[in-house]
Amino acid sequence: MSGISPLRAWWAQHPPATGAAVMATGIMSTGLHLAGAEALSRVALVAACVMWVALAADVAVRLVLDRRRRVAQARTPGTLSAVAATTVLGTRFSALGWQTLAEALLALAVVLWLPLLILVVKHWKPRMPGAVFLVCVATQGPAVLGATLAAAVTTAWLAHLSLVLFWLGLAMYGLAAPRFVWRQIAEGPGDQWVAGGALAISALAGASLLAADSARLYLWNDDDRGVLRTVTVALLVLALAWYAVLLAAEVAWPRPRHDVRRWATVFPMGMTATATLSVAAAVGGAWLKWPGRVLAWVAVAAWLTVAAGAAAAARAGLRKAR
């Protein structure tokens with residue numbers, strides 16, 4: 001390790017899937033905003049921004065210093081977390097009224113999305129962990145942000161493009177599902193939760209598309225709106241069912257040891273809470289607000305637990321690297 005700092009040596013061992021930490025923190029900020037905890041939401045947003053900048057800098061440095069390894073890592077589904085993390089932050093910025101910044105993040109996400117998606121799908125294996133569903137998450141992320149911006153800046157074409165991405169994201173879920181190793185529900189280290197999180201972000205995309213429609217921005221006729229509403233509610237029901245199954249599996253087969261992929265557990269938890277609250281607003285289901293708020297605070301507890309585990313692992317890694 002001569003000539004390499006302990007911090008750098010520890011950080012070098014982390015895979016691109018650590019982008020899930022940004023996703024988890026960013027969506028927790030959005031969920032807390034919808035739950036009415038604005039001050040805590042903004043604290044989480046600051047933390048997510050710091051993480052995003054650190055990861056972006058890390059990717060840039062590794063592309064210069066270790067391009068071959070970075071290109072190899074880009075073939076794994078975890079690399080798509082960069083796209084999802086960027087759109088999660090953009091969506092929160094849009095809610096704050098920072099539309100120009102949100103538009104810039106949407107443009108960056110779209111530029112990253114297509115080449116990374118193609119690269120990942122080309123290197124799919126027959127049997128894969130829950131991270132395989134990131135192809136859906138990374139496609140629905142721009143759909144959510146695009147629909148949110150369409151409503152904010154009154155742009156119909158952006159909403160229609162987001163609708164295309166919404167359906168494409170569902171198709172990607174269908175392609176990913178046969179490759180998922182179902183025993184990961186009992187054995188997975190954390191990313192098995194993405195199987196449910198992908199449906200939750202799909203429900204959020206549907207809710208965002210419904211919310212984008214208005215008198216000044218007429219987007220959907222009654223038939224279109226009816227189909228979109230039905231699909232959105234069905235997606236939320238499936239996401240909540242996945243949540244129950246995965247939570248029960250955690251109780252039946254405990255996996256207390258910390259793993260960086262546990263951030264991919266926190267993200268679906270936060271996303272399910274956010275989707276529940278958003279669907280409640282979009283379809284007029286006021287009774288969903290209470291369970292949505294409960295799920296938001298459960299996600300906060302999960303975030304704190306994983307963050308504590310990550311801090312302990314970091315300390316151990318730094319001691320070992322010295």
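## Helices around the cavity

Helix 2 (19-35), helix 5 (81-95), helix 7 (134-153) and helix 10 (194-212) each supply at least two lining residues of the largest cavity. Helices here are DSSP runs of H or I with at least four residues, numbered from the N terminus. Helix 5 gives the largest share of that lining, four residues. This is a predicted model: local features need pLDDT of at least 70, side-chain atom pairs count only at pLDDT 80 or more, and totals for chains, interfaces and linings use all residues. Residues are numbered from 1 along each chain as its sequence is written, and side-chain values use heavy atoms, with hydrogens and water left out.

The whole structure was searched, and one cavity of 30 Å³ or more was found. A cavity is a set of points, on a 1 Å grid over the protein atoms alone, where a 1.4 Å probe fits but cannot get out; lining residues have an atom within 4 Å of a point. The volume of the largest cavity is about 70 Å³. Volume means the space filled by probe spheres set on the points, with grid points joined across faces, edges and corners.

The lining consists of Ile27, Thr30, Ala84, Thr87, Val88, Thr91, Gly141, Val144, Ile201, Leu204 and Met271. By class, seven of these are nonpolar, four polar and none charged. Ala, Val, Leu, Ile, Met, Phe, Trp, Tyr, Cys and Pro count as nonpolar, Asp, Glu, Lys and Arg as charged, and the others, Gly among them, as polar.

## Helix 5 against helix 6

The axes of helix 5 and helix 6 come within 8 Å and cross at roughly 165 degrees. That makes the two helices roughly antiparallel. Angles under 35 degrees count as roughly parallel, over 145 as roughly antiparallel, 65 to 115 as roughly perpendicular and the rest as oblique. Axes are lines fitted to C-alpha atoms, for helices over the stretch in contact, and angles run from 0 to 180 degrees between N-to-C directions. The crossing of helix 5 and helix 6 is left-handed. In a left-handed crossing the near helix is turned anticlockwise from the far one by less than a right angle; clockwise is right-handed.

From helix 5, the contact (heavy atoms within 4.5 Å) uses Val83, Thr86, Thr87, Leu89, Gly90, Phe93 and Ser94. Helix 6 answers with Gln99, Leu101, Ala102, Leu105, Leu108, Ala109, Leu112, Trp113 and Leu116. The contact residues divide into 11 nonpolar, five polar and no charged.

## The loop residue Leu96

Leu96 lies in the loop between helix 5 and helix 6. Leaving out residues up to four places away in sequence, Leu96 touches Glu38, Arg42 and Leu45. Leu96 and Arg42 are 54 residues apart in sequence, but 9.8 Å apart in space, C-alpha to C-alpha.

## Helix 6 against helix 8

Helix 6 (residues 99-122) also meets helix 8 (residues 156-176): their axes come within 14 Å and cross at roughly 25 degrees. Helix 6 is therefore roughly parallel to helix 8. Their crossing is left-handed.

Leu106, Trp113, Leu117 and Val121 of helix 6 make the contact with Leu158, Leu165, Leu168 and Met172 of helix 8. By class, this contact has eight nonpolar, no polar and no charged residues.

## Helix 8 against helix 11

The axes of helix 8 and helix 11 (residues 222-252) come within 13 Å and cross at roughly 40 degrees. The two helices are therefore oblique to each other. Helix 8 passes helix 11 in a left-handed crossing. Helix 8 contributes Leu163, Phe166, Trp167, Leu170 and Tyr173 to the contact, and helix 11 contributes Val227, Leu228, Val231, Leu235 and Trp242. The contact residues divide into 10 nonpolar, no polar and no charged.

Leu163 is found in helix 8. Not counting residues up to four places away in sequence, Leu163 touches Leu209, Trp220 and Leu228. Leu163 and Ala147 are 16 residues apart in sequence and 8.0 Å apart in space, C-alpha to C-alpha.

Definitions and conventions
On a 1 Å grid over the protein atoms alone, a cavity is a set of points where a 1.4 Å probe fits but cannot get out, and a pocket is an open set with protein on both sides within 12 Å along at least five of seven lines; lining residues have an atom within 4 Å of a point.
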